[in-house]
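Good morning, and thank you for coming.

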Amino acid sequence: MAVMANRPLLEIDNLSTHYISQQGTRVVRAVDDVSLRINAGETLGIVGESGSGKSTLALTILRVLPPAAQIVAGSMMFENEDLVRKSDNEMRHVRGKRIAMILQDPMASLNPLFTIGDQVAEPIRVHEGSRRAVAWQRAKDLLKAVRIPSPETRVTQHPHEMSGGMRQRIVGAIGISCEPRLLIADEPTTSLDLTIQAQYLALLRDLQREHGLALIFITHNLGIVARMCDQLAVMYAGRVVEYGPVSRIFNAPAHPYTEALLNSIPRMSDSRKRLTAIEGQPPDLSALPRGCAFAPRCPAAFDRCHKETPPEFNLADGRTARCWLASASVQRGAA
Amino acid sequence: MMPVLEAAGLSKHFQARRGIFGGSRGVVRAVDDISFAIESGRTLGVVGESGCGKTTTAKLVLGLEEPTGGSIRFEGRDLHELDTAGQRYYRKSVQAVFQDPYASLSPRMRISDIIAEPLVTNEVVSASGVRKRVAELLDLVGLAERSADLFPHEFSGGQRQRIAIARALALSPKLIVLDEPVSALDVSIRAQILNLLRDLQDQLGLSYLFIAHDLAAVAHMSHTIVVMYLGKIVEMGDAQTLAQTPKHPYTEALFSAALPSHPDERREEIILPGEVPSPLNPPAGCRFHPRCPHAMSVCGQQEPALMQVEDRIVACHLYDRTQRDAATTAGIQFAERRSSRASVGSPS
């Protein structure tokens, strides 16, 4: 995708979200010093294992964090406004209208007691103050847009009358109902069957093209990244360890964790070859090792890795990597 | 080589009822007349989407469901003809590892008790013998011996799955049913478990029935792959060639829907219309025909039989000789495209 000359749609700088215990004694750095940007019409993939902070990052962007979590540093410039400084009331006009989110489990995001029409029409009525009849007509159009057959009858039905794939498409319809600029999808296809997943990904791509949507895909699945994304941020223990164009990262990963992840996935073409496993476990975020969090599992770790945390190095090809090995090949980053 | 396990014409039909007193609404043919064989020391992978019958097949093999038709032969003997000792031997020889290691291990039992439980209930072993065997098994799955005294909550997901594997190995089984054994695990841990399973197979000569929705993992682990759709086998063949050059249109769409392993990997993307129909009322003829991009008039009328096509077994009218002779252009083009199709290799 072409690089825009003007400012990115969303520009996250040095963002940190920590979970702080009531006495303030225990701090979990769920998101730690994260910087990312996304342009209009672009797709950013955020991959990481459970506990890497990718979902907390999404909740931070939408400012829907649980009470124990706090944004302790950084800024999120979205259309020239800092989302971090916005009041809760102001955020209410951003969520669902300018930034929308799709969650993993469509049954949990739909209310079983309301009709599909009511639920798709709700954001339109809330954000645009449209009358019910008008909003319902829009809801029917949206269902058509997400390829639900016979939308006229479907609007009057309830979520239990739909299949899993249809429900996820309805959640997608709610997501785009107010024509947001940015859509965050958190593992949107995990609960779907393969052929239904293919349908859904194709649908998201079409919607993106038609509406110039920026998409953030939060996933643990590198295959989704390979198929859908332009940019990729790899998270490990709350930090972005590598960030840059997808094809660059897949062709020549700069961080050993990225490289190990790519090597550990079975491929259709070279089956029955032994997989390269990553030894050990992902770390406990409340008791991180000193130095680089990946060092205890890293095949290339040396002395410095266990003592000092590597800063974000800017690589020549527009990538960033948090690894001492990357420092050799590039100039020092701003950090 | 004699297969460890052989299923012939295996069926499991469920009666669907209306309410609790209501009469029958029809029959769900969860597994409908399928035949396959698992060779000794080899892995049979089963793929397909929800409702295709792969879990029911696993349950039938594990003896958790009674088949309504057909037979299963284990080491040449029909399960129905086994006496009590034979049944006990079968249950010892066929073990399972399930998806969620958080649900499959009792939180109140120590690891040593979890692993020893099958031994204690099935065999007469002395206390010291049990301890020795537990230590052996822990070593086999790559866990420290001191793990024996701990409880499941002290382990991560990957380690728990190792414990579940150790328990499955306790009775020295011949066949292990692996139902989504890595899908609940973190990405960086999956390769550890898949490698472990492969090592154990080589070391102990185990056979696996491997069920997973991750097609690349199935292709990686299996020697033979069975593709199921709505209770039927649509294609079966060598894992490598089937994954690279699928013959049945459903297999082709399924593998094209599998996510690429590299962004430069360009594949023909086949997006199937619609969804898997209800198994209560499957389409007439070929069950796949309403979604099939190559469907012909015969597909809606006549159910295709499984037939040998080159190195594969396929149930599809496109490969019907009579159909081809009848000059159905679509069929000929399709078959030609199949045979001339280059492999789908990734660039790396």
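Predicted model: local features only at pLDDT ≥ 70, side-chain atom pairs only at ≥ 80, totals over all residues.

In the hairpin of β9(A) and β10(A), two residues lie between the strands, and A237(A) there takes a positive phi near 50 degrees. Residues are numbered from 1 along each chain as its sequence is written, while chains are lettered from A and ligands numbered from 1 in the order in which they are written.

Some conventions follow for the elements. Helices (H or I, at least four residues) and strands (E, at least two) are DSSP runs, numbered from the N terminus. Two strands are said to pair if DSSP finds at least two bridges between them.

Strand β9 (residues 231-236) of chain A runs antiparallel to strand β10 (residues 239-245) of chain A, and six bridges join the two. Y236(A) has R239(A) as its bridge partner in β10(A), and Q231(A) stands opposite P245(A) in that strand. β10(A) is also joined by two bridges to strand β12 (residues 320-321) of chain A, again in the antiparallel sense. In that pairing, Y243(A) is opposite T320(A).

How many of the seven residues of β10(A) are buried? Six are, so the strand is largely enclosed by the rest of the structure. A residue counts as buried if 20 or more other C-beta atoms lie within 10 Å of its own, as exposed if 12 or fewer do, and as partly exposed in between, with C-beta atoms placed from the backbone.

These strands belong to an open sheet of eight strands with mixed pairing, in the order β6-β7-β8-β3-β9-β10-β12-β11 (chain A). At its edges stand β6 (99-102) and β11 (313-314) of chain A, each with a single partner strand, so one side of each has no neighbour in the sheet.

I turn to chain B, where four strands form an open sheet with antiparallel pairing, in the order β2-β1-β4-β5 (chain B). Its edge strands, β2 (24-39) and β5 (77-78) of chain B, each pair on one side only. Eleven bridges link strand β1 (residues 3-17) of chain B with β2(B) in the antiparallel sense, and Q15(B) stands opposite V27(B) in β2(B).

Next, a helix pair. Helix α3 (residues 111-122) and helix α4 (residues 127-140), both of chain B, pack at an angle of about 120 degrees, with their axes 10 Å apart. Axes here are lines fitted to C-alpha atoms, for helices over the stretch in contact, and angles run from 0 to 180 degrees between N-to-C directions. α3(B) and α4(B) are therefore oblique to each other; angles under 35 degrees count as roughly parallel, over 145 as roughly antiparallel, 65 to 115 as roughly perpendicular and the rest as oblique.

From α3(B), the residues S112(B), I115(B), A116(B), L119(B) and V120(B) meet V130(B), R133(B), V134(B) and L137(B) of α4(B). By class, the residues of this contact of α3(B) with α4(B) are seven nonpolar, one polar and one charged. Ala, Val, Leu, Ile, Met, Phe, Trp, Tyr, Cys and Pro count as nonpolar, Asp, Glu, Lys and Arg as charged, and the others, Gly among them, as polar.

Now the contact of the two chains. It takes 37 residues from chain B and 37 residues from chain A, where two residues are in contact if their C-beta atoms, placed from the backbone, lie within 7 Å. On the side of chain B that touches chain A, α6 (187-204), α7 (215-221), α8 (239-244) and α9 each supply at least two residues. α6(B) gives the most to that side, with seven residues. The side of chain B that touches chain A has 18 nonpolar, 13 polar and six charged residues.

A253(B) is found in helix α9 (residues 249-257) of chain B. With 22 C-beta neighbours inside 10 Å, A253(B) counts as buried. Leaving aside neighbours within four places in sequence, A253(B) is in contact with T195(A), I270(B) and L272(B).

Finally, two backbone angles. Most residues other than glycine have a negative phi. E180(B), however, is not a glycine and has a positive phi of about 50 degrees. E180(B) lies in the loop between β7 (175-179) and α6 of chain B, and is partly exposed, with 19 other C-beta atoms within 10 Å. E310(B) likewise has a positive phi, near 50 degrees. E310(B) is in the loop between β11 (307-309) and β12 (312-314) of chain B, and counts as partly exposed with 13 C-beta neighbours inside 10 Å.
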